[in-house]
Amino acid sequence: MEISLKLLPESERRHAVMDGMDSLPFGQLRCDHMFVMEYEKGQWINPRIEPYANFSIPPGAIALHYGQAIFEGAKAFRHADGEIYTFRFNKNAERLNRSADILCMPHVPEDMQMEGLMRLLDIERKWCPTIPESSLYIRPFLFATEDTLGVKPSGKHIFCIMLSPSGPYYAGGFNKTVTLLITEQFHRATPGGTGAAKAAGNYAASLRAQEFAHSKGAAQVLYLDATNTYLEEVGAMNHFHVLRDGSLIIPEFTDTILQSITSESVLEMLPNARQERIKLTDFVAMVQSGEIVEAGGFGTAAVITPVGRYITDAGESYEVGDGSIGPVTRALYERYTGIQKGTLPDTHGWLQKVPHF
Ligand SMILES: Cc1ncc(COP(=O)(O)O)c(C=O)c1O
């Protein structure tokens, strides 16, 4: 693929804005350039790297009206050798295309996603932060641009990769547990719907539930399936719990759960991690009896979000263990982030070095 480059002169690049910063916000800063290409008449055209700037799209673009839009989230890290490494981006590229199938959008060939990203990261390597718990957050996205008010799959799309040098998702990093609200009032996904896709509309639809959770003093909702019987996932994380015997359980992937790359990686790393269909009544009984000793969420942004308490619509409150971060969660966080940062060996081959083009 021939990627054309329209780059800012070195004197207009802004990466020095990070100089002297000892912490970074999550998702606020933007790198100087982005990778973009368009889809028209059945093919991808005009792949290019250009300055980060507004798009020009018609007011009738399908994405704006009917939400035909999907995205991904991944990270790159600067190691002690000074080189930049991406973490399992091939899995994100694959998942983008699974989401595309669910939303009737064209595939973005995985090699094009990978090459676009690597070229962009090579140009933006000075933006990859070194501050502890920071990374270069990668946001690929695909949205429908055909100008029509008919409800149908768009014939035109834009694929873009933007980058954001970011600190930890929670200011202060991995240092405290959160509370989750178990509610029967909101559902994230239903069978046959878009729950397994990383579709923009899923997140729009989760905002009301998130606000409701906040009003009850919880960080997020732990969603149940549409029959209020089984645990599903959190707003932007898979859920897990740890039993007294040390085994780690993640709800089975269904078409109402996003298949988390963090969960998949944990399942590959830990011999005593497994997936199960988890009944809410069993879960609550096991938290109350102390059989469940730790719990949390898995996702790229925060890696692990430890959960110390669950509250319910009826006002019940259940503490997990002693409510603090448990040893299994802590050790897993250290091991996972150690592999990402290059301080522990990458025995699974999950890291890919950004070439110097
Ligand atoms: C709904 C949802 N579930 C789970 C996850 C975790 O997935 P991953 O570990 O691939 O980031 C995310 C975040 O990407 C998400 O948005």
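## How to read the model

Residues are numbered from 1 along each chain, in the order in which its sequence is written. Because the model is predicted, local features need a pLDDT of at least 70 and side-chain atom pairs count only at pLDDT 80 or more, while totals for chains, interfaces and linings use all residues.

## Two domains

The domain assignment, which is automatic or taken from a database, divides the protein chain into domain 1 (4-166) and domain 2 (178-324). The centres of the two domains, taken over C-alpha atoms, are separated by 28 Å. Domain 1 gives 16 residues to the contact and domain 2 gives 12 residues, where two residues are in contact if their C-beta atoms, placed from the backbone, lie within 7 Å.

On the side of domain 1 that touches domain 2, strand 4 (69-71), strand 5 (74-78) and helix 2 are the elements that give two or more residues, and helix 2 has the largest share, with 5 residues. Helices (H or I, at least four residues) and strands (E, at least two) are DSSP runs, numbered from the N terminus. By class, this side of domain 1 has 7 nonpolar, 4 polar and 5 charged residues; Ala, Val, Leu, Ile, Met, Phe, Trp, Tyr, Cys and Pro count as nonpolar, Asp, Glu, Lys and Arg as charged, and the others, Gly among them, as polar.

A residue is buried if 20 or more other C-beta atoms lie within 10 Å of its own, exposed if 12 or fewer, and partly exposed in between, with C-beta atoms placed from the backbone.

Strand 6 pairs with strand 5 in the antiparallel sense over 3 bridges, and two strands pair if DSSP finds at least two bridges between them. Strand 5 and strand 6 form a hairpin with 5 residues between them, and Gly82 in the turn has a positive phi of about 85°; in this pairing, Arg78 stands opposite Ile84. Strand 6 is also joined by 3 bridges to strand 18 (residues 351-353), again running antiparallel, and here Thr86 stands opposite Gln352.

Helix 3 (residues 110-123) has 14 residues and reaches 20 Å from its first C-alpha to its last, close to the 20 Å expected at 1.5 Å a residue, a span found as 1.5 Å times one less than the number of residues. Its buried residues include Gln113, Arg119 and Ile123.

His107 lies in the loop between helix 2 (89-102) and helix 3, and it counts as partly exposed because it has 16 C-beta neighbours inside 10 Å. Leaving out residues up to four places away in sequence, His107 touches Asn97 and Ala100.

## Two residues with positive phi

Most residues other than glycine have a negative phi. Lys41, in the loop between strand 2 (33-40) and strand 3 (43-51), has a positive phi of about 45° although it is not a glycine; with 7 C-beta neighbours inside 10 Å, Lys41 counts as exposed. Arg88, in the loop between strand 6 and helix 2, has a positive phi of about 55°, but Arg88 is buried, because 21 other C-beta atoms lie within 10 Å.

## The ligand shell

Among the residues that surround the ligand are Gly73, Glu233, Asn238 and Phe298, a residue being near a molecule if its C-beta atom, placed from the backbone, lies within 6 Å of it. The shell divides into 5 nonpolar, 6 polar and 1 charged residues.
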